Amino acid sequence: MQARDLTVGHGTQAVLDGVDLTLTPGEVTVLVGPNGCGKSTLLRTVAGLLTPLSGGVSLDGESIRSLSRRALSQRIAFLPQAPLVPAGVSVRELVRHGRYAHRGAFSRHTQTDIDAVDWALQVSDAAPLADRRLDELSGGERQRAWLATVLAQKAGVLLLDEPTTYLDMRHQFEILDVVRKLAKEHEIACGVVLHDLTQAAAYADEVVVAADGVVAADGTPAEVLTPETIHHAFGLEVSVLQDPDTGHLACFPRAAVSSTS
Ligand SMILES: Nc1ncnc2c1ncn2[C@@H]1O[C@H](COP(=O)(O)OP(=O)(O)OP(=O)(O)O)[C@@H](O)[C@H]1O
């Protein structure tokens, strides 16, 4: 997936300008930035849910504007930040909806659909919840059900807006492990919004930092997650240290800039 010279926003109001973004099969790209900088707006735009103010998005060289909604859903799976919870729907029924793009509205589920739903429930650790009603689950349980739904879509591009919200620490890491494994083993191009810079450093091949209406930096975690860039984007002084066991970077906040100046 490629976005070139993209301006995204709402109505006539631009939020991010001049964005070049490439999501590559087999790689996890993590989008970070302060609240309100435009991460969700960008993700929704490359998912085809918002029209860019200028520029365009293409999949394998084909503009996404030329694709029908169904064709787009076969190729791009998108998990929004706070999906609306349908009343009375079981987790398995919800996850089955993830297969909608692959079958007609009135056709029956094939064995491929059933296998995809079972697999998605399994890898999201949502299988024990399959027969529970979605509106009766905790925030974290519900998040795993939603994740299973987009995984069942089996699209080549996976876009996740803060998928670790509500999850306890173990499930946060498990979900990010699943995302990374999917990218590496199934050649899926993953774009993920995260707030935790240490998680971004551990799971991203590429980090994109949005701030002040533009992409302020992009590159590998080591190139991007520097005290200078973080200071510029978040107004926060941090120490960036390397975990001697994993080699991953970890960010330790020291002080918000406004409180030290
Ligand atoms: N539907 C909308 N209509 C008008 N403005 C919007 C709409 N949705 C978001 N905005 C505005 O667009 C800007 C970017 O919002 P967006 O949700 O993309 O930020 P974000 O980086 O994802 O934030 P957060 O980290 O808080 O989730 C904000 O100023 C927000 O108020």
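The ligand is surrounded by His10, Val15, Gly33, Asn35, Gly36, Cys37, Gly38, Lys39, Ser40 and Thr41; a residue is near a molecule or strand if its C-beta atom, placed from the backbone, lies within 6 Å of it. This is a predicted model, in which local features need pLDDT of at least 70 and side-chain atom pairs count only at pLDDT 80 or more, while totals for chains, interfaces and linings use all residues. Residues are numbered from 1 along each chain as its sequence is written.

By class, the shell around the ligand comprises two nonpolar, seven polar and one charged residue. Here Ala, Val, Leu, Ile, Met, Phe, Trp, Tyr, Cys and Pro count as nonpolar, Asp, Glu, Lys and Arg as charged, and the others, Gly among them, as polar. Helix 1 (residues 39-46) gives the most to this shell, with three residues. Helices (H or I, at least four residues) and strands (E, at least two) are DSSP runs, numbered from the N terminus.

Is helix 1 mostly covered or mostly open? Six of its eight residues are buried, namely Lys39, Thr41, Leu42, Leu43, Thr45 and Val46. A residue is buried if 20 or more other C-beta atoms lie within 10 Å of its own, exposed if 12 or fewer, and partly exposed in between, with C-beta atoms placed from the backbone. Glycine 48, which follows helix 1, has a positive phi near 85°.

One of the sheets is open and has six strands in the order 6-7-8-3-9-10, with mixed pairing. Two strands pair if DSSP finds at least two bridges between them. Its edges are strand 6 (76-79) and strand 10 (214-219), each of which pairs on one side only. Neighbouring strands of this sheet are turned by 15° against each other on average, direction ignored. Axes are lines fitted to C-alpha atoms, for helices over the stretch in contact, and angles run from 0 to 180 degrees between N-to-C directions. Strand 9 (residues 206-211) pairs with strand 10 in the antiparallel sense over five bridges, and valine 209 stands opposite alanine 217 in strand 10. Helix 1 packs on the sheet, where it touches strand 3 (28-32), strand 7 (157-161), strand 8 (189-193) and strand 9; the direction of helix 1 makes about 155° with that of strand 8. Two residues are in contact if their C-beta atoms, placed from the backbone, lie within 7 Å. Helix 5 (residues 139-152) also packs on this sheet, touching strand 6 and strand 7, and its direction makes about 170° with that of strand 6.

Another open sheet consists of four strands in the order 2-1-4-5, with antiparallel pairing. Strand 2 and strand 5 (62-63) are its edge strands, each pairing on one side only. Strand 1 (residues 2-10) pairs in the antiparallel sense with strand 2 (residues 13-22) over six bridges, and histidine 10 has glutamine 13 in strand 2 as its bridge partner. The hairpin of strand 1 and strand 2 has two residues between the strands, and glycine 11 in it takes a positive phi near 60°. Strand 1 also pairs with strand 4 (residues 54-59) in the antiparallel sense, over four bridges; alanine 3 stands opposite valine 57 in strand 4. Helix 1 packs on this sheet as well, touching strand 1, strand 2 and strand 4, with its direction at about 120° to that of strand 1.

The protein chain as a whole has 10 helices and 12 strands. Its radius of gyration is 19 Å, close to the 18 Å that the globule rule gives for 261 residues, so the chain is as compact as a globular protein of that length. The radius is taken over C-alpha atoms, and the rule is 2.2 Å times the number of residues to the power 0.38. Of the 261 residues, 41% count as buried.

Most residues other than glycine have a negative phi. Lysine 154, however, has a positive phi near 50°. Lysine 154 lies in the loop between helix 5 and strand 7 and counts as buried because it has 21 C-beta neighbours inside 10 Å. Aspartate 212, in the loop between strand 9 and strand 10, has a positive phi of about 55° although it is not a glycine. With 13 C-beta neighbours inside 10 Å, aspartate 212 counts as partly exposed.
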